[in-house]
Amino acid sequence: MDLATIVQILDSTMRLATPLLFACLAGLISERAGILDIGLEGKLLIAAFFSAAYAHYTGSAWLGLGVGILASVIFSLVHGLAAITFRGNQLISGVAINFLAAGMTVVVAQSWFQQGGRTPALTSDERFNRLDLPLAGAVQDVPVLGPLYSQILSGHSLLVYLGLLTVPAVWYGLYRTRFGLRLRAVGENPASVDTAGVSVVRLRFMAIVIAGVLCGIGGAYLSTSLSAGFVKDMSAGRGFIALAAMIFAKWRPWPALGAVLLFGMLEAIANRFPSLDLGIVTLPGQFMAALPYILTVVILAGFVGRAVPPRAGGAPYVKER
Amino acid sequence: MNTRAMPRWADVTLVPLISLLIAFALSGLVIMAIGEDPVRAMVLMVRGALGSSYGWGYTLYYTTNFLLTGLAVSIAFQARLFNIGGEGQALVGGLGVALVCLFIPWPNWWTGLVAAIAASALAGAAWAAIPGWLQARRGSHIVITTIMFNFIAFSLLNYMLSHMLRPPNSMDPATARFADALRLRRLADILEPLGIAFSRSGPANVMLFVALAACVLCWALMWRTRLGFEIRAYGHSQPAAHYAGISSVRVVMLAMLISGALAGMMAVNSVMGGPQRLVMNAVEGAGFIGIAVALMGRSHPIGIVPAALLFGFLFQGGSELAIETRIPREMIVIIQALVILFTGALDNMVRSPLEALFMILRRRA
């Protein structure tokens with residue numbers, strides 16, 4: 001493997017890790033507040049559709065992004081209604097949201113565009129285009145650091161950099177603000193937060209709305225940046241891989257970045273080598289396509305250490321009467 | 001929580017029915033939103049699915065699929081395991097059916113049927129065993145692992161069909177047709193000797209009776225055997241089950257094996273009973289519909305029978321809709337999602353007002 005191939009793979013790692021990163025941070029915030037979110041997948045998908053559809057109608061990627069976020073937040077609120085207000089089963093609610101998104105996107109896309117469940121291809125104005133970081137051209141010829149900066153870090157869409165900035169933001173929010181302290185407390189021991197006179201319901205709703213916004217950006221990135229338009233089921237299990245990355249990162253923002261980069265790289269390698277010749281055996285394309293899913297299972301099997309989830313995760317909070 | 005707030009009959013019939021009505025009403029709104037007439041859609045669905053013995057032949061064929069996948073989800077639910085992997089388990093079950101039917105010359109259809117049931121159950125159980133083991137031993141989240149196994153199963157099937165099982169002169173990823181001797185008896189063949197005329201084109205077949213028998217067997221297993229008691233006890237309270245000396249690894253593994261075997265058996269109907277060869281979309285989402293069926297049927301082996309019939313009707317009716325109107329087949333996924341949402345997650349929204357109503361009625365009486 002030559003240097004150019006490695007640079008190419010790392011470059012596409014950045015791009016492929018971004019939707020995972022948004023979904024992973026969304027899941028992290030939601031679960032830190034004690035709400036399991038299996039519905040990340042559905043929120044990515046619904047946001048991907050609505051942002052592509054509205055980017056197409058309005059001609060603006062930004063308006064598309066806004067509508068995508070709105071759709072994702074609405075789905076979050078449905079999850080909140082079931083999981084927080086009516087104290088239902090959070091896993092079942094998440095699964096319902098995934099199916100709702102899978103069905104809704106195709107039915108609405110068919111009704112609006114009649115193209116078999118996809119949106120028309122987006123033109124360059126309707127997408128988030130590549131952005132060159134300052135001095136990218138100037139340092140190109142510096143050995144090692146040059147290609148690292150100008151080819152791998154530079155030249156992605158704005159949303160990739162937004163994702164990278166979200167990591168320290170989430171870290172700061174969780175560990176350095178009063179809101180973050182309360183959020184983490186509500187996921188570990190909601191009764192103590194309630195005793196302190198802070199509303200558990202309000203905090204949890206805030207957490208899932210933030211998760212909705214992040215998923216919305218991730219979904220919009222899928223259809224208006226990574227690809228040029230929406231295709232049926234385009235989230236392709238990314239919401240679940242993000243959950244696995246979150247568990248792998250033990251619910252912490254910085255390790256989450258590392259985990260999604262790992263999964264992104266795997267997808268990039270699978271894309272780059274449709275079938276991989278290892279000398280003894282040639283791995284078929286179907287195996288390469290399944291590789292991210294297989295690695296997810298391996299990581300979940302905990303061969304990489306013990307993961308302790310927030311203690312109150314999945315349990316609805318019943319105020320003592 | 002006060003379980004006596006509402007009579008039992010109301011809990012098992014009224015709550016799911018009202019949830020279903022809400023889900024249908026919302027689906028109607030979606031149909032209106034895309035510019036179609038929900039009443040006309042309903043009429044078309046009823047006519048297409050129940051209006052002729054041709055329609056019934058398809059409705060009952062899909063019902064058979066959903067009976068088995070619904071049972072699969074139910075048994076796992078009883079142990080509080082959320083097996084979303086029915087889709088992948090059925091795909092791998094389909095591989096089992098295809099291997100047995102293609103490579104062993106069975107003398108007649110029923111020996112082939114018995115072998116196919118055994119092979120599909122084994123394959124499905126094996127596919128469910130890995131997530132089960134990972135849950136029991138390593139604590140991996142079974143929802144995520146079973147979903148990952150769906151994706152992996154799809155890749156596996158894709159590989160097998162395009163590299164191993166595809167006939168040399170064919171282009172599409174599918175196996176050759178099975179021998180004619182392996183044609184399952186259809187409902188028309190069974191009903192004819194009884195003097196009942198039934199359409200020959202509907203693919204409903206003897207597997208319907210196998211699936212119904214599986215429901216009864218599962219009921220007996222869950223409520224009349226020690227293992228069933230252990231599974232239910234584990235599902236109600238893991239610490240209590242542990243204290244009673246019930247092994248969690250054993251319960252999780254057995255529940256997942258039974259669940260996977262049932263999901264795998266569904267492939268006998270959709271491969272051997274349907275197109276008579278294994279194709280890529282042999283399962284058509286039935287593994288996922290099983291979740292909605294199990295939730296509607298309250299995870300009870302008998303309760304899922306009407307739920308499976310309902311979804312059989314919706315699935316067949318939905319196909320007719322896709323032909324006659326501009327409503328795509330994916331409409332059924334929306335209905336399925338809403339049913340899961342209202343019967344599974346928003347259960348309390350329907351239950352609490354009903355309970356309050358029954359309390360008032362009781363006080364009056």
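Student: Hi! Where does B:Ala365 lie in chain B?

Tutor: B:Ala365 lies in the segment after α15 of chain B. Helices here are DSSP runs of H or I with at least four residues, strands are runs of E with at least two, and both are numbered from the N terminus.

Student: Is B:Ala365 buried or exposed?

Tutor: B:Ala365 counts as exposed, because it has 5 C-beta neighbours inside 10 Å. The cut-offs are 20 or more other C-beta atoms within 10 Å for buried, 12 or fewer for exposed, and partly exposed in between, with C-beta atoms placed from the backbone. The C-alpha atoms of B:Ala365 and B:Ile22 are separated by 29 Å, and the two are 343 residues apart along the chain.

Student: What kind of model is this, and how are things numbered?

Tutor: This is a predicted model, in which local features need pLDDT of at least 70, side-chain atom pairs count only at pLDDT 80 or more, and totals for chains, interfaces and linings use all residues. Residues are numbered from 1 along each chain as its sequence is written, while chains are lettered from A and ligands numbered from 1 in the order in which they are written.

Student: What pLDDT does chain B average?

Tutor: Chain B averages 91, and 99% of the residues score at least 70. pLDDT is the predictor's confidence in each residue, from 0 to 100. For the complex, the predictor gives an ipTM of 0.91 and a pTM of 0.91.

Student: How many helices and strands does chain B have?

Tutor: Chain B has 15 helices and zero strands. Its radius of gyration is 21 Å, close to the 21 Å from the globule rule for 365 residues, so chain B is as compact as a globular protein of that length. That radius is taken over C-alpha atoms, and the rule is 2.2 Å times the number of residues to the power 0.38. The C-alpha atoms of chain B fill a box of roughly 75 × 55 × 40 Å along the principal axes.

Student: And chain A, how many helices and strands there?

Tutor: Chain A has 12 helices and four strands. Its radius of gyration, 20 Å, agrees with the value near 20 Å for a compact globule of 321 residues. Buried residues make up 52% of the 321 residues in chain A.

Student: How many residues of chain B are in contact with chain A?

Tutor: 40 residues of chain B are in contact with 37 residues of chain A. Contact takes C-beta atoms, placed from the backbone, within 7 Å of each other.

Student: Which element gives the largest share of that side of chain B?

Tutor: The largest share of the side of chain B that touches chain A comes from α6(B), with 11 residues. The residues of that side divide into 25 nonpolar, 11 polar and four charged. In this count Ala, Val, Leu, Ile, Met, Phe, Trp, Tyr, Cys and Pro are nonpolar, Asp, Glu, Lys and Arg are charged, and the others, Gly among them, are polar.

Student: Switching topic, which residues touch the most other members of the largest nonpolar core?

Tutor: A:Cys24, A:Ala245 and B:Ile340 do, out of 229 residues in that core. A nonpolar core is a set of buried Ala, Val, Leu, Ile, Met, Phe, Trp, Tyr and Cys residues joined through C-beta atoms within 7 Å. Leaving aside neighbours within four places in sequence, the contacts of A:Ala245 include A:Leu20, A:Cys24 and A:Phe263.

Student: What about A:Ala268, where is that found?

Tutor: A:Ala268 is found in helix α11 (residues 253-272) of chain A. A:Ala268 counts as buried because it has 21 C-beta neighbours inside 10 Å. Beyond neighbours within four places in sequence, A:Ala268 is in contact with A:Ile9, A:Ser12, A:Thr13 and A:Leu16.

Student: Last one: what is the phi of A:Trp251?

Tutor: The phi of A:Trp251 is near 60°, a positive value in a residue other than glycine. Most residues other than glycine have a negative phi. A:Trp251 is found in the loop between α10 (238-248) and α11 of chain A, and is buried, with 22 other C-beta atoms within 10 Å. In chain B, B:Arg80 has a positive phi of about 50° although it is not a glycine. B:Arg80 is partly exposed, with 18 other C-beta atoms within 10 Å.

Conventions:
Contact = placed C-beta atoms within 7 Å.
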